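Take a walk through this structure, one interface at a time. Keep the sequence and the coordinates side by side.

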Amino acid sequence: MPFYHKLGKIPPKRHTQFRKPDGSLYAEQLFGTIGFDGMSTNSYHEHRPTQVKAIKKQYSVAPKIAKANHIQSYRLKGFQVKPENDYLDSRKTVLTNSDCSIILAAPKQSTKDYFYKNTDADELIFIHKGTGKLRTHLGNLDFKYGDYLLVPRGIIYKIDFDTKDNRLFIVESKRPIYTPKRYRNWFGQLLEHSPFCERDLRQPQELETHNEKGDFLMKVKKQDDIFEMVYATHPFDVVGYDGYNYPYAFSIHDFEPITGRIHQPPPVHQTFETDAFVVCSFVPRLYDYHPDSIPAPYNHSNIDSDEVLYYVDGDFMSRNDVAAGHISLHPAGIPHGPHPGATERSIGKVKTDELAVMVDTFKPLMVTEEALKIADEEYYKSWVE
Ligand SMILES: [Fe+2]
């Protein structure tokens, strides 16, 4: 998050003595990214955060690749992913490359008996269904339908759901996820033409501090393995922190669409960026207002990027037969465009209620075995008239 945030108690000067009421020192931790060059946070703990008691298990959660090289458009029926009790077990990677993974999840239960930390990747968790609270060692965030939760790598978290009916669309990114740089001035402030501003980005305001010793299980993801580690102190023992590296939330409903007289290109929908992919939000908006405009997109050849669209809600103007929870994958190397009839059908329409999340990757995505379980193998022929 490229702006400063402070929560809880911190001393006036960094790296100086900061004492508890009993006179002992709080344990300071600098939590940085990209070596010491990226965003960082300075946090103060009741106990040293280094107290590993045991490493109990190690197992792989690497996705199983079904098709590494391919040129086939796919439709995946995301709501066919079966709900599972456990949050980590419920996460099914459907598309992946060396930069990122696209994951669908339908967890029924909150994380209860463990903490989770992903050291491989930033996680962007889009809440399609469900409400609850993301609890992290740097503070909590309430979430609901339409929220993006940005969890930078290394944040220790648990996730509480209010009900059993939850649907998540998750992007794991090995590259840091930022908001687009072109919407920021040289100080990092969001500019007037940005489709969102600082007020729309929700920072943690509630900090849980547990001063407890015992056995605390943490599942740590590293190199596509989960390591089950036992810590001697409660991982949520921060009394205060400040800096730039912390989780935050942004609602897709707060994205202000940019519209024009003729069809606007996908970058106007951009919400997040990395150097390996972009994330765009397609939200309800007025259509193009040139008298001869065609609201449906033109055919386009994303010759060097794969396009993943996750359909959230509303009516999807350029597609026939897609529903909420579906993913379309339009791979690099071949053109794609509106389905037969969609272009004519769009003419004269003044607005759309569509809601969708798009991920465009610069490297091709591999299709996993989990994807093939929910795949429409005939989708690639759906443009034939
Ligand atoms: Fe496209």
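How many residues of domain 1 are in contact with how many residues of domain 2? In this predicted model, 37 residues of domain 1 touch 39 residues of domain 2. The bounds come from the domain assignment of the protein chain. Domain 1 is made of two segments, 5-64 and 81-251. Domain 2 covers 255-381. Taken over C-alpha atoms, the two domain centres are 29 Å apart.

Now put a size on that contact. Between domain 1 and domain 2, the buried area is about 3300 Å². Carbon and sulfur atoms give 66% of that area.

Which elements give two or more residues to the side of domain 1 that touches domain 2? They are the strands β7 (92-96), β8 (100-105), β10 (122-129), β15 (167-173) and β20 (248-251). The largest share comes from β7, with 5 residues. By class, this side of domain 1 has 22 nonpolar, 9 polar and 6 charged residues.

Turn to the rings. The structure holds 15 aromatic pairs. One of them joins F169 and Y310. Why does this pair count as stacked? The ring planes of F169 and Y310 are at 15 degrees, and planes under 30 degrees apart count as stacked. The ring centres of F169 and Y310 are 4.4 Å apart. F169 lies in strand β15, while Y310 lies in strand β24 (residues 306-313), so the pair ties together parts that are 141 residues apart in sequence.

Finish with the backbone. Most residues other than glycine have a negative phi. I34 is found in the loop between β2 (27-32) and β3 (40-45). D224 is not a glycine either, and D224 has a positive phi of about 65 degrees. The loop that holds D224 runs between β17 (213-222) and β18 (225-233).

Conventions: Residues are numbered from 1 along each chain as its sequence is written. This is a predicted model: local features need pLDDT of at least 70, side-chain atom pairs count only at pLDDT 80 or more; totals for chains, interfaces and linings use all residues. Side-chain values use heavy atoms; hydrogens and water are left out. Domain bounds come from an automatic or database domain assignment. Contact means heavy atoms within 4.5 Å. Buried area is the accessible area (1.4 Å probe) that two parts lose on being put together, summed over both. Helices (H or I, at least four residues) and strands (E, at least two) are DSSP runs, numbered from the N terminus. Ala, Val, Leu, Ile, Met, Phe, Trp, Tyr, Cys and Pro count as nonpolar, Asp, Glu, Lys and Arg as charged, and the others, Gly among them, as polar. Rings of Phe, Tyr and Trp (its six-membered ring) pair if their centres lie within 6.5 Å; planes under 30 degrees apart count as stacked, over 60 as edge-to-face and the rest as tilted.
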